[in-house]
Amino acid sequence: MTQLSRRKLMVNGVTIAAGASALGVAARLAQKYGLIAPDHGGLYGPGKTLTYASLRLLTRHSLAREFSKNKISKRPFPNEVGPFSEEFKRHQSEGFANWRLTVDGLVDKPSVFSVSQLKSYPSRSQVTELVCEEGWSYIAEWNGVALSHILDLVGTHSQAKYLVYYSIEPDWWESMDLADAMHPQTFVTYGMNGDDLPVGNGGPIRIRLPRQLGYKSVKFINRLTVTDDLKKFGKGLGSASPEGGYAWYAGI
Amino acid sequence: MPTLGSAQEPVETSIPASMPEAAAPAISERHSLLVRVTHWMTTLCFLALLVSGSEIVLSHPRFYWGESGNVLTEPLFKLPTPSSRRLVPTGYGYVLPDQNGWSRALHFQSAWLLVLTGLLYVASGLLRGHFGKNLLPKRSDLSQQSFARVIAHHLHLTPADESDAWTYNVLQRLTYLFVIFVLFPLVIWTGMAMSPAFDSAIPATVTLLGGRQSARTIHFFVSLALVLFMLSHIMLVWLAGFRERMRAMITGRVQGKERL
């Protein structure tokens with residue numbers, strides 16, 4: 001073995017070791033700062049991880065684009081839902097008077113809210129676009145209460161990291177990180193264009209998460225759970241979407 | 001480096017004289033290793049993006065202009081295909097299965113790999129003078145006569161002569177530059193403009209294009225342009241001598257020939 005090839009070997013070895021430990025350090029840091037999505041495993045894990053980590057960093061303080069009221073779509077598209085469960089139909093026949101939103105998990109005061117209670121809190125509105133992963137979109141004015149207001153009312157524990165939210169319809173649940181849950185544009189939405197939120201668009205209440213695609217804005221929500229670990233829910237991938245092959249983080 | 005090895009030892013001898021390669025005539029490379037690796041990485045990513053992109057478009061084969069659009073809006077145009085969503089009116093009596101989950105995952109993962117490959121290619125190309133040396137047309141090639149000659153060659157399907165194995169003609173150079181510095185950046189830009197998160201951070205990404213539906217429509221047409229480029233690229237490689245050109249882009253060598 002000549003001097004040169006020994007040197008090359010050493011340089012290569014050091015490079016590989018440095019590269020591996022840099023990756024290791026990056027993974028540690030990413031974990032520490034919550035940049036690893038719960039569905040980071042599998043064949044498409046690298047792409048999902050890069051997307052979530054980079055967009056989470058890029059959108060730390062960003063606001064979804066808001067539009068002037070004259071940009072509101074004349075016919076907001078009510079995407080396919082249902083057939084509705086008997087339970088939902090009963091609530092619908094009661095005018096949603098008995099609809100309840102339960103908030104539990106890592107909170108000081110587990111609570112239950114009616115729709116009229118939600119409406120009694122400071123009302124917020126945003127004119128934002130609902131963007132579907134399929135490609136279509138519409139703009140509406142969304143009226144509701146900031147999710148952060150609800151979370152402040154119940155008091156989240158310091159180790160809280162994620163919010164899991166459920167539709168009354170079976171197998172329809174999602175989750176978001178706390179950065180999104182506390183974001184000023186994330187709403188528990190009860191109105192659209194100044195009226196009650198139509199059932200076709202998610203009424204009586206739905207989540208609005210305008211910096212992500214429409215499937216994260218779950219319709220007909222009746223439960224919020226604050227947690228520190230998404231592994232405890234479903235198959236441990238974060239929400240129902242990854243179980244069906246869709247990314248947990250839907251910023252793109 | 002004075003301290004490594006003894007003073008007599010020729011430090012820079014990388015190939016021992018006994019190896020047969022040293023005796024063979026040195027054939028310089030047609031394509032550098034970096035160009036070859038990034039070329040095939042790009043090919044792989046582009047095909048993955050094409051398949052997954054075509055699949056995604058089937059969930060809404062309608063295009064709009066401006067900010068928003070959906071099945072209740074008049075489209076700019078529709079693709080004459082069935083759809084994977086029941087509520088999209090297509091005129092077909094059936095609905096395709098939903099494949100968007102893996103398609104979207106593959107699309108974005110390939111996009112990441114393509115962007116990183118592209119950055120590596122452009123950065124090294126700038127550092128090593130690849131663009132100036134191999135892709136920028138020479139001043140003399142930009143004359144009318146020169147263009148006329150190359151176009152006539154193409155129209156008559158004149159077989160490529162030997163010197164063409166070592167260089168690009170003026171049309172080729174301009175096309176490659178257009179693909180690398182216009183079409184690819186545009187397809188990446190319009191793709192990112194469809195991300196609600198990216199738009200929240202940098203709204204100009206989408207507002208400069210006139211809205212997200214405009215971005216989606218431009219994304220579609222630029223992809224189409226890239227597909228047309230790919231097809232004509234393959235056809236011209238075929239006409240110029242498929243085996244010879246493939247060998248050059250895989251091994252870097254032009255068989256048995258010295259650089260002219």
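These legends describe close-up views of a predicted model.

**View 1. Chain A as a whole.** Chain A has 252 residues, and 45% of them are buried. Its secondary structure comprises 7 helices and 10 strands. The C-alpha trace spans about 85 × 40 × 35 Å along its principal axes. Among contacts with a separation of 6 or more, 65% link residues 24 or more positions apart.

**View 2. The five-stranded sheet of chain A.** This open sheet has 5 strands in the order β2-β1-β10-β5-β6, and the pairing is mixed. Strands β2 (111-114) and β6 (173-177) of chain A form the edges, each pairing on one side only. Direction ignored, neighbouring strands are turned by 20° against each other on average. In a regular strand, side chains alternate between the two faces of the sheet.

**View 3. The β1-β2 hairpin of chain A.** Strands β1(A) and β2(A) make a hairpin, with 5 residues between them. The two strands run antiparallel and are joined by 4 bridges. A:T102 stands opposite A:V112 of β2(A).

**View 4. The parallel pair, β1 and β10 of chain A.** On pairing with β10 (residues 221-227) of chain A, β1(A) runs in the parallel sense. This pair also has 4 bridges. A:D104 has A:T225 in β10(A) as its bridge partner.

**View 5. Strands β5 and β6 of chain A.** Strand β5 (residues 162-167) of chain A pairs with β6(A) in the antiparallel sense. The pair has 5 bridges. Here A:Y166 stands opposite A:W173, a residue of β6(A). Strand β6(A) is an edge strand of the sheet.

**View 6. Helix α5 of chain A and its packing.** Helix α5 covers residues 147-154 of chain A, and its buried residues are A:L147, A:I150 and A:L151. These residues lie on the same side of α5(A), because they cover an arc of only 95° around the axis. After α5(A) comes A:G155, which has a positive phi, near 75°.

View 7. A:G144 belongs to strand β4 of chain A. Is A:G144 buried or exposed? A:G144 is buried, because 25 other C-beta atoms lie within 10 Å, and the cut-off for a buried residue is 20 or more. Leaving aside neighbours within four places in sequence, A:G144 contacts A:R124, A:F187, A:V188, A:T189, A:Y190, A:G191 and A:R208. The C-alpha atoms of A:G144 and A:M192 are separated by 8.8 Å, although these residues are 48 residues apart along the chain.

**View 8. The contact between chains A and B.** Chain A gives 40 residues to the contact, and chain B gives 34. On the side of chain B that touches chain A, α3 (100-127), α7 (196-201) and α9 (212-251) of chain B each supply at least two residues. The largest share, 9 residues, comes from α3(B). By residue class, this side of chain B divides into 15 nonpolar, 12 polar and 7 charged residues.

Definitions and conventions. Residues are numbered from 1 along each chain as its sequence is written. Chains are lettered from A and ligands numbered from 1 in the order in which they are written. This is a predicted model: local features need pLDDT of at least 70, side-chain atom pairs count only at pLDDT 80 or more; totals for chains, interfaces and linings use all residues. A residue is buried if 20 or more other C-beta atoms lie within 10 Å of its own, exposed if 12 or fewer, and partly exposed in between; C-beta atoms are placed from the backbone. Two residues are in contact if their C-beta atoms, placed from the backbone, lie within 7 Å. The arc is that of the directions from the helix axis to the C-beta atoms. Two strands pair if DSSP finds at least two bridges between them. Axes are lines fitted to C-alpha atoms, for helices over the stretch in contact, and angles run from 0 to 180 degrees between N-to-C directions. Ala, Val, Leu, Ile, Met, Phe, Trp, Tyr, Cys and Pro count as nonpolar, Asp, Glu, Lys and Arg as charged, and the others, Gly among them, as polar.
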